[in-house]
Amino acid sequence: MRRISILRPPAPRTQLPPPRRSSSSSSTPATPPPAISLLGRAYPTDCWTNITPSIAAHLAQNLHLRPSHPIAITRSLIESRFPAPTYTHHTRLPPIVTTGQNFDSLGFPPDHPGRARSDTYYVNAGHVLRTHTSAHQLDLFRENRAPGFLVSADVYRRDAIDRSHYPVFHQMEGARGWDLARTSAAEISAEAGDLASLTCALLVEDPHPPFHEQRNPLQPQHSPEAAAAVAAHLKRSLESVVLALFSSAGAAAADPGSTAQPPLKVRWVEAYFPFTSPSWELEVLWRGSWLELLGCGIVQHPILAAARLPPTHISWAFGVGLERIAMVLFGIPDIRLFWSRDERFTSQFVQGQVARFREFSRFPGSCRDMAFWLPGAAAGAAVHENDVMEVVRGVGGDLVEDVALKDEFTHPKTGRASRCYRVHYRSLERTLTSEEVNAKHAELERALKELLGVEIR
């Protein structure tokens with residue numbers, strides 16, 4: 001999972017060559033309809049289009065805005081530490097963005113894997129479903145409406161199928177900046193000191209200096225005093241977030257009648273991100289293990305210059321995945337549950353409160369194997385694993401808990417490549433019958449043959 005995705009200066013607009021379409025190149029039909037309707041607007045399609053109906057159905061669901069939903073509760077708790085008017089909160093930015101916003105504005109090279117149709121949902125050659133909230137950052141830096149901003153949104157990526165991955169998830173990114181021509185490093189340090197008074201109950205490990213020439217370098221545009229002040233402000237801000245989140249989670253997980261909770265402990269770890277320097281990761285000691293929460297750092301100066309901010313501008317930024325945090329806070333074991341409408345799930349949560357999830361039932365699962373020859377000789381690369389996952393999602397939906405590659409084989413004489421996957425079917429709401437699973441699995445094998453051109457073994 002990407003923990004932080006801060007802007008790079010815009011790269012020259014580059015269009016990848018059209019993909020070669022064949023029955024084995026995508027899990028979507030070889031000839032898409034001339035237009036696709038998404039969020040009330042018609043978009044022309046082309047050879048890049050690969051959005052499936054199951055993914056389109058998730059648009060505008062906005063779990064991060066649904067009252068009393070764990071994702072919305074997590075978002076609100078984080079937002080409470082970054083109040084207006086200092087920070088603007090953006091929660092309804094459209095999920096369909098241009099390839100320029102999603103890739104070019106971040107400096108993605110033309111051959112970056114993130115641009116591939118195997119990783120990204122394309123509306124057409126010029127539009128995608130955003131793969132990260134950073135698709136909006138250049139625009140927000142340019143607007144410069146307030147000293148800081150937060151972006152919370154659903155993002156979309158073709159990915160594996162298991163209990164911790166889903167093709168739609170939610171991110172939050174934040175930034176705060178100052179013009180050093182108007183605000184001194186001493187004033188920023190004083191504000192960081194005020195924030196520190198809010199987190200005195202937190203035990204913090206931070207053994208490293210604010211920057212290090214080799215490990216975590218200072219940018220040449222920044223003075224040591226300014227970088228140290230901004231780093232302190234960033235760290236105190238995020239420590240406040242940890243206190244708000246995990247104090248609530250600790251109280252929810254405490255034994256009945258317990259009054260005292262052990263103090264929360266966090267540590268700062270030097271890190272590398274291409275878009276910030278110096279950079280850090282923040283970890284929290286939770287239930288005896290160190291849990292990595294987020295990435296952050298001082299934004300690279302060329303990024304701010306690309307947004308036409310003054311040369312004296314300095315900013316910090318962070319990024320976090322909301323599902324990952326919510327699964328820990330609420331004790332939710334399966335990411336599919338976030339999309340459940342079952343009242344046994346939804347009734348457990350109240351806006352503004354962290355409550356431990358009470359598993360209402362653990363229905364039995366059922367496994368089936370699917371083995372197939374890939375099309376053509378030595379054609380292992382012709383079918384991307386994410387294409388297989390997309391077919392499984394389209395057929396099985398949320399009835400599929402996990403898909404794991406069990407075996408790969410290349411015939412020594414013919415050179416034909418074979419794969420075997422194990423599909424684990426389990427409903428979150430009821431027991432599946434053997435007849436249901438067998439029928440669904442047969443449908444899946446037919447879809448693999450039709451859409452990917454494989455030969456079932």
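Okay, let's start with Pro 217: at 32% relative accessibility, this proline counts as partly exposed, since buried would need under 20% and exposed over 50%. Keep in mind that we're looking at a predicted model.

So where does Pro 217 sit? You'll find Pro 217 in the loop that runs between strand S9, 203–205, and helix H6, 224–253. And what does Pro 217 touch, once you leave aside neighbours within four places in sequence? Its contacts are Phe 211, His 212, Ser 277 and Pro 278. For a sense of scale, go from Pro 217 to Leu 399: that's 182 residues in sequence, and 48 Å in space, C-alpha to C-alpha.

Next up, a sheet. This one is open, with three strands in the order S4-S6-S5 and antiparallel pairing. At the edges you have S4, 96–98, and S5, 122–124, each pairing on one side only. On average, neighbouring strands here are turned by 30° against each other, ignoring direction. If you zoom in on S4 and S6, residues 127–129, three bridges link them in the antiparallel sense, and Ile 96 stands opposite Leu 129 of S6.

H2, residues 70–79, packs against H8, residues 322–330, at about 100°, and the axes are 9 Å apart. That angle makes H2 roughly perpendicular to H8. Who's meeting whom? On the H2 side we have Pro 70, Ile 71, Ile 73, Thr 74, Arg 75 and Ile 78, and they meet Leu 322, Glu 323, Ile 325, Ala 326, Leu 329 and Phe 330 in H8. Sort the residues of that contact and you get nine nonpolar, one polar and two charged.

Technical notes
Residues are numbered from 1 along each chain as its sequence is written. This is a predicted model: local features need pLDDT of at least 70, side-chain atom pairs count only at pLDDT 80 or more; totals for chains, interfaces and linings use all residues. Side-chain values use heavy atoms; hydrogens and water are left out. Helices (H or I, at least four residues) and strands (E, at least two) are DSSP runs, numbered from the N terminus. Buried means under 20% relative accessible area, exposed over 50%, partly exposed in between (1.4 Å probe, protein chains only). Contact means heavy atoms within 4.5 Å. Two strands pair if DSSP finds at least two bridges between them. Axes are lines fitted to C-alpha atoms, for helices over the stretch in contact, and angles run from 0 to 180 degrees between N-to-C directions. Angles under 35 degrees count as roughly parallel, over 145 as roughly antiparallel, 65 to 115 as roughly perpendicular and the rest as oblique. Ala, Val, Leu, Ile, Met, Phe, Trp, Tyr, Cys and Pro count as nonpolar, Asp, Glu, Lys and Arg as charged, and the others, Gly among them, as polar.
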